[in-house]
Amino acid sequence: ELSLGEYEFIALCDALKKSGICETGGHAKVVISEGEVKVDGVVELKKRCKIRENQTIEAFDQKVKVVK
(Lines give C-alpha, C1' and ligand atoms only; values in the text may rest on other atoms or scores of the structure.)
Protein backbone atom coordinates (compact mmCIF):
# COMPACT_ATOMS: atom_id res chain seq x y z
CA GLU A 1 0.00 0.00 0.00
CA LEU A 2 1.01 3.58 -0.67
CA SER A 3 -0.42 6.31 1.54
CA LEU A 4 -1.35 9.70 0.12
CA GLY A 5 -1.18 11.23 3.58
CA GLU A 6 -2.58 14.76 3.48
CA TYR A 7 -2.53 14.98 -0.34
CA GLU A 8 -5.43 14.42 -2.73
CA PHE A 9 -3.26 12.77 -5.39
CA ILE A 10 0.32 11.83 -6.30
CA ALA A 11 1.94 11.88 -9.74
CA LEU A 12 2.43 8.40 -11.20
CA CYS A 13 6.22 8.79 -11.51
CA ASP A 14 6.42 9.89 -7.86
CA ALA A 15 4.17 7.01 -6.75
CA LEU A 16 6.44 4.47 -8.45
CA LYS A 17 9.46 5.92 -6.67
CA LYS A 18 7.79 6.28 -3.27
CA SER A 19 6.36 2.75 -3.38
CA GLY A 20 9.78 1.28 -4.15
CA ILE A 21 8.77 -0.19 -7.52
CA CYS A 22 11.37 2.09 -9.14
CA GLU A 23 14.57 3.27 -7.47
CA THR A 24 14.59 6.76 -9.01
CA GLY A 25 12.17 9.19 -10.59
CA GLY A 26 14.16 9.01 -13.82
CA HIS A 27 13.79 5.24 -13.93
CA ALA A 28 10.06 5.60 -13.24
CA LYS A 29 9.65 7.99 -16.18
CA VAL A 30 11.43 5.58 -18.56
CA VAL A 31 9.35 2.63 -17.38
CA ILE A 32 6.13 4.62 -17.85
CA SER A 33 7.10 5.80 -21.35
CA GLU A 34 7.88 2.20 -22.36
CA GLY A 35 4.33 1.12 -21.44
CA GLU A 36 5.40 -1.07 -18.52
CA VAL A 37 3.02 0.50 -15.97
CA LYS A 38 -0.69 -0.11 -15.52
CA VAL A 39 -3.12 1.97 -13.49
CA ASP A 40 -6.29 0.07 -12.59
CA GLY A 41 -5.37 -2.58 -15.18
CA VAL A 42 -4.85 -0.17 -18.09
CA VAL A 43 -1.45 0.85 -19.51
CA GLU A 44 -0.70 4.47 -18.57
CA LEU A 45 1.80 6.54 -20.58
CA LYS A 46 1.39 9.90 -18.83
CA LYS A 47 4.27 10.36 -16.39
CA ARG A 48 2.45 12.96 -14.28
CA CYS A 49 -0.91 11.13 -14.31
CA LYS A 50 -2.75 11.93 -11.06
CA ILE A 51 -3.08 8.83 -8.92
CA ARG A 52 -5.83 9.06 -6.32
CA GLU A 53 -7.14 7.02 -3.40
CA ASN A 54 -8.29 3.45 -4.23
CA GLN A 55 -6.36 3.24 -7.50
CA THR A 56 -3.93 0.37 -8.13
CA ILE A 57 -0.53 0.67 -9.81
CA GLU A 58 1.12 -2.37 -11.41
CA ALA A 59 4.66 -2.82 -12.75
CA PHE A 60 7.22 -5.64 -12.73
CA ASP A 61 4.75 -8.12 -11.18
CA GLN A 62 4.20 -5.78 -8.24
CA LYS A 63 0.83 -4.26 -7.31
CA VAL A 64 0.40 -1.24 -5.07
CA LYS A 65 -2.95 0.00 -3.77
CA VAL A 66 -3.17 3.73 -3.05
CA VAL A 67 -4.85 4.61 0.24
CA LYS A 68 -5.56 7.84 2.12
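This report describes the sheet, the nonpolar core, the salt bridges and some single residues of a predicted model.

Residues are numbered from 1 along each chain as its sequence is written, and side-chain values use heavy atoms, with hydrogens and water left out. Because the model is predicted, local features need pLDDT of at least 70 and side-chain atom pairs count only at pLDDT 80 or more, while totals for chains, interfaces and linings use all residues.

## Sheet

Helices (H or I, at least four residues) and strands (E, at least two) are DSSP runs, numbered from the N terminus. Two strands pair if DSSP finds at least two bridges between them. Five strands make an open sheet with mixed pairing, in the order β1-β7-β6-β3-β4. The edges are β1 and β4, each with a single partner strand, so one side of each has no neighbour in the sheet.

Strands β6 and β7 are antiparallel and share four bridges. Within this pair, isoleucine 57 has valine 64 in β7 as its bridge partner. The β6-β7 hairpin has two residues between the strands, and phenylalanine 60 in this hairpin takes a positive phi near 55°.

On the β3 side, strand β3 (residues 38-39) runs antiparallel to β6 and is joined to β6 by two bridges. Lysine 38 stands opposite glutamate 58 of β6. Strand β3 is also joined to β4 by two bridges, again in the antiparallel sense; here valine 39 has valine 42 in β4 as its bridge partner.

Threonine 56 belongs to strand β6. Threonine 56 counts as buried because its relative accessibility is 18%; buried means under 20% relative accessible area, exposed over 50%, and partly exposed in between (1.4 Å probe, protein chains only). Contact means heavy atoms within 4.5 Å. Beyond its neighbours within four places in sequence, threonine 56 is in contact with Lys38, Val39, Asp40, Lys63, Val64 and Lys65.

## Nonpolar core

A nonpolar core is a set of buried Ala, Val, Leu, Ile, Met, Phe, Trp, Tyr and Cys residues joined through side-chain atoms within 4.5 Å. The largest such core has 21 residues, of which Leu12, Leu16, Val37, Ile51 and Ile57 touch the most other members. Two or more residues come from each of β2 (9-11), α1 (12-19), α2 (25-33), β6 (56-59) and β7 (62-67). Helix α1 gives the most, with four residues.

Isoleucine 51 touches Leu4, Glu8, Phe9, Ile10, Ala11, Leu12, Val39, Ile57 and Val66, residues up to four places away in sequence not being counted.

Valine 31 is located in helix α2 and counts as buried, at 4% relative accessibility. Apart from neighbours within four places in sequence, the contacts of valine 31 are Cys22, Glu36, Val37 and Phe60.

## Charged and aromatic side chains

A salt bridge is a side-chain nitrogen of Lys or Arg within 4 Å of a carboxyl oxygen of Asp or Glu. By this rule there are three salt bridges, listed below.

| arginine 52 | glutamate 8 | 2.9 Å |

The salt bridge of glutamate 8 and arginine 52 links distant parts of the chain: glutamate 8 is in the loop between β1 (2-3) and β2, and arginine 52 is in strand β5 (residues 50-52), 44 residues apart. Glutamate 8 counts as exposed at 57% relative accessibility, and arginine 52 as partly exposed at 32%.

Arginine 48 is exposed at 54%, while aspartate 14 is partly exposed with a relative accessible area of 31%.

For the remaining pair, lysine 46 is exposed, with a relative accessible area of 53%, whereas glutamate 44 counts as buried at 14%.

A charge sits over a ring if NZ of Lys or CZ of Arg is within 6 Å of the ring centre and within 35 degrees of the ring normal. Lysine 50 lies over the face of phenylalanine 9, 4.7 Å from the ring centre.
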